[in-house]
Amino acid sequence: MIRFLAGLTVTLLLALPARAEVEITEVTSPGGIYAWLVEEPSIPFVALELEFRTGSQLDPEGKRGAVNLMTALLEEGAGDLDARGFAEAAADLAASYRFRPSDEAISVSAQFLTENRDEAVALLRVALTEPRFDDDAVERVRGQVLSSIRSDRVSQQARASEAFNTLAFGDHPFGTSQNGTEESVTALTREDLIEAHRATLTREHLHVSAAGDISAEDLGLLLDDLLGALPADGPPLPDRPGVALTGGVTVVPFEAPQSVIAFGHAGIARDDDDFFAAFLMNEILGGGRFGTRLMTELRETRGLTYGVGTGLSLREGAELMAGRFSTSNDRAAEAIDLVRREWTRLAAEGVSRSELERVQTYLTGAYSLRFDGNANIARILVGMQADGLPIDYIETRNDKVMAVTLADITRVARRLLDADGLRFVVVGQPEGVEAVN
């Protein structure tokens, strides 16, 4: 569960395809649960997506890792079924369940056949409402989490993430790993897991979507049956941390032939009027594919790295524009200078018309390729809701991409890009790189 910059890439929607034909129906259950639905009756299959916008940020002080461990145990026994019984029941139904924690959310994905819908939903309901937290399951999963924490200590990538996030967010939960520490995870009790479950799986911050062979009426009844017993609300979410990064270089000594370099500064909010201009600007500068300015300069022209990418992290009140790459220790200083130079050049000069047209063609052409199945559609819809996007976003997104002008990118580049404000975190034994606070 290595986390880098907590959502560095822009949400899935922003990489979606041309003019996708997706008809979304708004559904409100008899009990008041709101959802978006894309009906597709041609295949007897349903994908259901739940997103509880709570997550590991609700870990109590001193109990970091409680929500992460609790979420990993949701399919390790529930109701009358122990861990093995739950796995066998899911297999017998040909149903699939995934429970994924992050600092901002607990995401639940379920996929099941129409003929097994009632039984599959009943099994998911007990996982969400009656997790067992059996001692043997807790100790087994706790051991897996501790192993991951120990692995992160000897991972350059994880060390870079940890150092960068701590500099950016301090002692806010965003500044530490959701896995917790060896000490905090070892000390967690069954009561801590019960409290984490009660605090996070509530209807207060819930977003729901579905795609497949189900009607709006049936979905409404399903949602009340599945979610109606969950608490209506939970504890308040913590305040947003802001971004505390300042320009400079942090060196984390690590014995390895290469240095891993994370870098970035404050970003831009998703609802900012300049967001789409910033999105296209980032794609041109360092979107993580061949043809971007950073990839051209660092890899293709000078052979400094196999790959470099930047992205916009859109967590509300903690927005970042950040990136990462690896390079040999003896060329780390050169690579850092090149990143700063490209940052400065784009801020001063903007982009060319051909660069803008190429990225607009790429982004609009790639958009609909994301809608290649019910599961992907359900994930996209729940992400739209979580980001506060309107229900017609899929229809209008490409128009917004095409509406960005050269003047827009010039304006947002001068506003957003700050070469002197970049913080570089270098994990390795870089030559010619001095720490600058």
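**View 1. Ala 266 pairs with Leu 320 of β12 in this predicted model.** The two residues are bridge partners. Their pairing belongs to the contact between β10 (residues 258-266) and β12 (residues 320-328). These strands run antiparallel and share 9 bridges. Helix α5 (residues 156-169) packs on the sheet. Helix α5 touches β9, β10, β12 and β13 (423-428). The direction of α5 makes about 150° with that of β13.

**View 2. Five strands build an open, mixed sheet.** The strand order is β9-β13-β10-β12-β11. The edges are β9 (248-253) and β11 (308-313). Each edge strand has a single partner, so one of its sides has no neighbour in the sheet. From one strand to the next, the twist averages 15°.

**View 3. Helices α9 and α12 pack at about 105°.** Helix α9 covers residues 275-286, and α12 covers residues 353-366. Their axes are 10 Å apart. The angle makes α9 roughly perpendicular to α12. From α9, the contact uses Phe 279, Leu 280, Glu 283 and Ile 284. From α12, Glu 355, Leu 356, Val 359, Gln 360, Tyr 362 and Leu 363 take part. By class, the contact has 7 nonpolar, 1 polar and 2 charged residues.

**View 4. Gly 350 sits in the loop between α11 and α12.** Gly 350 is buried, at 2% relative accessible area. Beyond residues up to four places away in sequence, Gly 350 touches Arg 293, Arg 345 and Thr 410. The C-alpha atom of Gly 350 is 6.7 Å from that of Ala 413, although the two are 63 residues apart along the chain.

**View 5. Arg 100 and Glu 49 form a salt bridge.** Their closest N and O atoms are 3.2 Å apart. Arg 100 lies in β6 (residues 96-101) and Glu 49 in β3 (residues 45-52), so the pair ties together parts 51 residues apart in sequence. Arg 100 is partly exposed at 23% relative accessibility, whereas Glu 49 is buried at 4%. The whole structure holds 28 salt bridges.

**View 6. Arg 411 and Asp 274 meet in a salt bridge.** The N to O distance is 2.6 Å. Arg 411 belongs to helix α15 (residues 406-416), and Asp 274 to the loop between β10 and α9. The pair therefore ties together parts 137 residues apart in sequence. Arg 411 is partly exposed, at 39% relative accessible area. Asp 274 is buried, at 10%. A salt-bridge network links Asp 272, Asp 274, Asp 408, Arg 411 and Arg 415.

Note on methods: Residues numbered from 1 in each chain as written. Predicted model: local features only at pLDDT ≥ 70, side-chain atom pairs only at ≥ 80, totals over all residues. Heavy atoms only, no water. Pairing = 2+ DSSP bridges. Helix = DSSP H or I, 4+ residues; strand = E, 2+ residues; numbered from the N terminus. Axes fitted to C-alpha atoms, helices over the stretch in contact; angles between N-to-C directions. Contact = heavy atoms within 4.5 Å. Parallel < 35°, antiparallel > 145°, perpendicular 65-115°, else oblique. Nonpolar A, V, L, I, M, F, W, Y, C, P; charged D, E, K, R; others polar. Buried < 20%, exposed > 50% of the residue type's maximum accessible area, 1.4 Å probe, protein only. Salt bridge = Lys/Arg side-chain N within 4 Å of Asp/Glu carboxyl O.
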